[in-house]
Amino acid sequence: MAFTIRQLQFFIAVAEQGTVSGAAQNLSISQSSVTEAIKELENDLGVELFERHPRGLNITHKGHQFLRHATKILADVSDARRSFSGEQAVAGGRLQLGVTSLVAGYVLSDLLSRYRRAYPGVEVSAIEDNGDYLEHLLIGGKLDIAVMVTSNLRDRTALQSEILEVSAYRLWLPLGHSLAGADIIGIGDIAGEPLIMLTVDEIEENTGKLLTAIGAKPHVAFRTRSVEAVRSLVATGAGVALLPDLVYRPWSLEGDRIESRDVSGSLPVVQVGVVWRRGSGLPQAARDFIGLAQSQRTVRQRP
């Protein structure tokens, strides 16, 4: 039996939520429907997509590989529907696009790929830089839109944004770490651990604020702008990391496992969105990009 679009939607929801109950609540359906769909999908593929444990589910290496295919399939289905609804663009134009480092490889790549397929006549020019500089370019009219972290947007009076994704912070641990088996992990439990610090966007600032709030000075073992370096260092036991779930992957480039756990307390969230200058007359290419970004968010949430 071939898998269905509905099964893919359920699979993606479970992968994002980490539990069947969380996915069911997000999709407004019963847990049994989600469980049955995942079992049927695993039987059809002949692989285990999730490892079951008392606290929920961990996506397997095979599951992580299939997640990328499933997300692309749903995006392609959405593109196909758009092509028959009269939304396919035939005109050209130019799009000046900005992106911050944190979201360049985790949000923009798939979105930009879909945009190029839907609007092949548009010339896209993209620049990657920090949020402050992108805001400056947007306000100055040098960029049409930017895909960036919006939770720390500086000039909200001059800029307008549309949230595409909200991602909570979680703790990354090497396999076998003492905290991996704890029922509850608090910020205080992390205070004495060596930290691998990602220094892009507001990540370092947020992590420092969290530990300062409990009177602890962060013990930073390594600072880097590379998420892949963070993965490798955590996986080999050089330290732990507090990072938004948006960039979590369960395996390092070397193939070592990385655990991810919730942390109790008030942790910040990272909001990723598309931003443009308030009151500006956006070119059609920019309006089309915003519309496609909104439809991608709808695809991820649709039951």
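User: Before we start, which pLDDT do local features need here?

Analyst: Residues are numbered from 1 along each chain as its sequence is written, and side-chain values use heavy atoms, leaving out hydrogens and water. The model is predicted, totals for chains, interfaces and linings use all residues, side-chain atom pairs count only at pLDDT 80 or more, and local features need pLDDT of at least 70.

User: How far apart are the ends of the stretch that UniProt lists as "domain: HTH lysR-type"?

Analyst: The UniProt record, an unreviewed entry, gives residues 3-60 for that feature; such annotations may be inferred rather than shown by experiment, and positions follow the numbering used here, with feature names shortened. The span is 62% helix and 14% strand, where helices (H or I, at least four residues) and strands (E, at least two) are DSSP runs numbered from the N terminus. Its end C-alpha atoms are separated by 19 Å.

User: How does α1 sit relative to α3, roughly perpendicular or roughly parallel?

Analyst: Helix α1 (residues 5-17) packs on helix α3 (residues 31-45) at about 105°, with the axes 9 Å apart. Axes are lines fitted to C-alpha atoms, for helices over the stretch in contact, and angles run from 0 to 180 degrees between N-to-C directions. Angles under 35 degrees count as roughly parallel, over 145 as roughly antiparallel, 65 to 115 as roughly perpendicular and the rest as oblique. So α1 is, relative to α3, roughly perpendicular.

User: Which residues of α3 make the contact with α1?

Analyst: Contact means heavy atoms within 4.5 Å. From α1 come Gln7, Leu8, Phe10, Phe11 and Val14. By class the contact has eight nonpolar, two polar and one charged residues, with Ala, Val, Leu, Ile, Met, Phe, Trp, Tyr, Cys and Pro as nonpolar, Asp, Glu, Lys and Arg as charged, and the others, Gly among them, as polar. On the α3 side you get Ser33, Val34, Ala37, Ile38, Glu40 and Leu41.

User: What about α1 and α2, oblique or roughly perpendicular?

Analyst: Their axes come within 8 Å and cross at roughly 120°. That angle makes α1, relative to α2, oblique.

User: Which residues of α2 meet α1?

Analyst: α1 brings Phe10, Ala13, Val14 and Gln17. By class, this contact has five nonpolar, three polar and no charged residues. The α2 partners are Gly22, Ala23, Asn26 and Leu27.

User: What covers the buried residues of α2?

Analyst: Buried means under 20% relative accessible area, exposed over 50% and partly exposed in between (1.4 Å probe, protein chains only). In α2 (residues 20-27), the buried residues are Val20, Gly22, Ala23, Ala24 and Leu27. Their cover includes α1, α3 and β2 (56-59).

User: Why does Met148 count as buried?

Analyst: Met148 is in strand β5 (residues 145-149). Leaving out residues up to four places away in sequence, its contacts include Thr100, Val103, Leu153 and Val275. Met148 counts as buried because its relative accessibility is 1%.

User: And Val263, what is its relative accessible area?

Analyst: Val263 is in the loop between β10 (258-261) and β11 (269-277). Not counting residues up to four places away in sequence, Val263 touches Leu171, Ile185, Gly186, Ile187, Ile190 and Leu242. Val263 is buried, with a relative accessible area of 11%.
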